[in-house]
Amino acid sequence: MGKWLAAAGFHGFCGVAFGAWAAHGAMNRIGAAATDWVKTGAEYQLWHAAALLALAVAPVSIWPVRGWVGSCFCLGALLFSGSLYLLAILGWHGLVFVTPIGGMLMLLGWLILFGYGIREWRKDR
């Protein structure tokens, strides 16, 4: 539980910090397109922070997949959002290949959760 709470806190903090910066001053420093990249990164990071928080307090029944889902969410948000932040702030175009990898990891986490939910739903019927 502690690991996923810490991950939720980290991603929540970063998402709010970068989102606030995008809303209050990034435009003058990095331009409109780059500010949009920061906003997108912050939005996805915050959604996955909330998902990590939910995993941290999830009932025991979800524990068999919690590690896989949490790892996909945590690493995916870090790669996706982090690469967008670096692209926007430093102009590092060499890392743009990392963004879709992060996105795919986030999708994989949701897909694992979906599959597990279907399996549990079938047991309940």
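Tutor: A polar contact is a pair of N or O atoms within 3.5 Å, where one must be able to donate a hydrogen and the other to accept it. Keep that in mind as we look around this predicted model.

Student: What makes the pairing of the side chains of Gln45 and Tyr85 a polar contact?

Tutor: The distance is 2.7 Å, and the cut-off is 3.5 Å. The pair falls within the limit, so the side chains of Gln45 and Tyr85 count as making a polar contact.

Student: Where is Gln45, and why is Gln45 called buried?

Tutor: Gln45 is found in helix α3. Its relative accessible area is 2%, and buried means under 20%. So Gln45 is buried.

Student: Which residues does Gln45 touch, leaving out those up to four places away in sequence?

Tutor: Gln45 touches Phe10, His11, Cys14, Gly15, Ser81 and Tyr85.

Student: Let's take Ser81, then. Which helix holds Ser81, and how do you know whether Ser81 is buried or exposed?

Tutor: Ser81 is found in helix α4, which covers residues 63-90. Its relative accessibility is 0%, and anything under 20% is buried, so Ser81 counts as buried.

Student: What does the side chain of Ser81 have 2.7 Å from one of its polar atoms?

Tutor: That's the backbone oxygen of Gly41. Gly41 also turns up among the residues Ser81 touches, along with Tyr44 and Gln45, again not counting residues up to four places away in sequence.

Student: On to the helices. Why are α3 and α4 called roughly antiparallel?

Tutor: Helix α3 covers residues 32-56, and its axis crosses that of α4 at roughly 165°. Angles over 145 degrees count as roughly antiparallel, so α3 and α4 get that name. Their axes come within 9 Å, and the crossing is left-handed. As for the residues of the contact of α3 with α4, they divide into 18 nonpolar, six polar and one charged.

Student: How do you know which way α1 runs relative to α3?

Tutor: Use the angle again. The axes of helix α1 (residues 2-23) and α3 cross at roughly 155° and come within 8 Å. That angle is over 145 degrees, so α1 is roughly antiparallel to α3. Here too the crossing is left-handed. The contact of α1 with α3 has residues that divide into 17 nonpolar, six polar and one charged.

Student: What makes Asp36 partly exposed?

Tutor: Asp36 is found in helix α3 and has a relative accessible area of 44%. Buried is under 20% and exposed is over 50%, so 44% lands in between and Asp36 counts as partly exposed.

Student: How far apart are Asp36 and Ala88, in sequence and in space?

Tutor: They are 52 residues apart in sequence and 8.6 Å apart in space, C-alpha to C-alpha.

Student: Now the whole protein. How many helices and strands are there?

Tutor: There are five helices and zero strands, and from the N terminus on the elements run α-α-α-α-α. The C-alpha atoms fill a box of roughly 55 × 25 × 20 Å along the principal axes.

Student: What share of the residues counts as buried, and what share of the contacts joins residues at least 24 apart?

Tutor: Of the 125 residues, 37% count as buried. Among contacts between residues at least 6 apart in sequence, 70% join residues at least 24 apart.

How values were computed
Residues are numbered from 1 along each chain as its sequence is written. This is a predicted model: local features need pLDDT of at least 70, side-chain atom pairs count only at pLDDT 80 or more; totals for chains, interfaces and linings use all residues. Side-chain values use heavy atoms; hydrogens and water are left out. Helices (H or I, at least four residues) and strands (E, at least two) are DSSP runs, numbered from the N terminus. Buried means under 20% relative accessible area, exposed over 50%, partly exposed in between (1.4 Å probe, protein chains only). Contact means heavy atoms within 4.5 Å. Axes are lines fitted to C-alpha atoms, for helices over the stretch in contact, and angles run from 0 to 180 degrees between N-to-C directions. Angles under 35 degrees count as roughly parallel, over 145 as roughly antiparallel, 65 to 115 as roughly perpendicular and the rest as oblique. A crossing is left-handed if the near helix is turned anticlockwise from the far one by less than a right angle, and right-handed if clockwise. Ala, Val, Leu, Ile, Met, Phe, Trp, Tyr, Cys and Pro count as nonpolar, Asp, Glu, Lys and Arg as charged, and the others, Gly among them, as polar.
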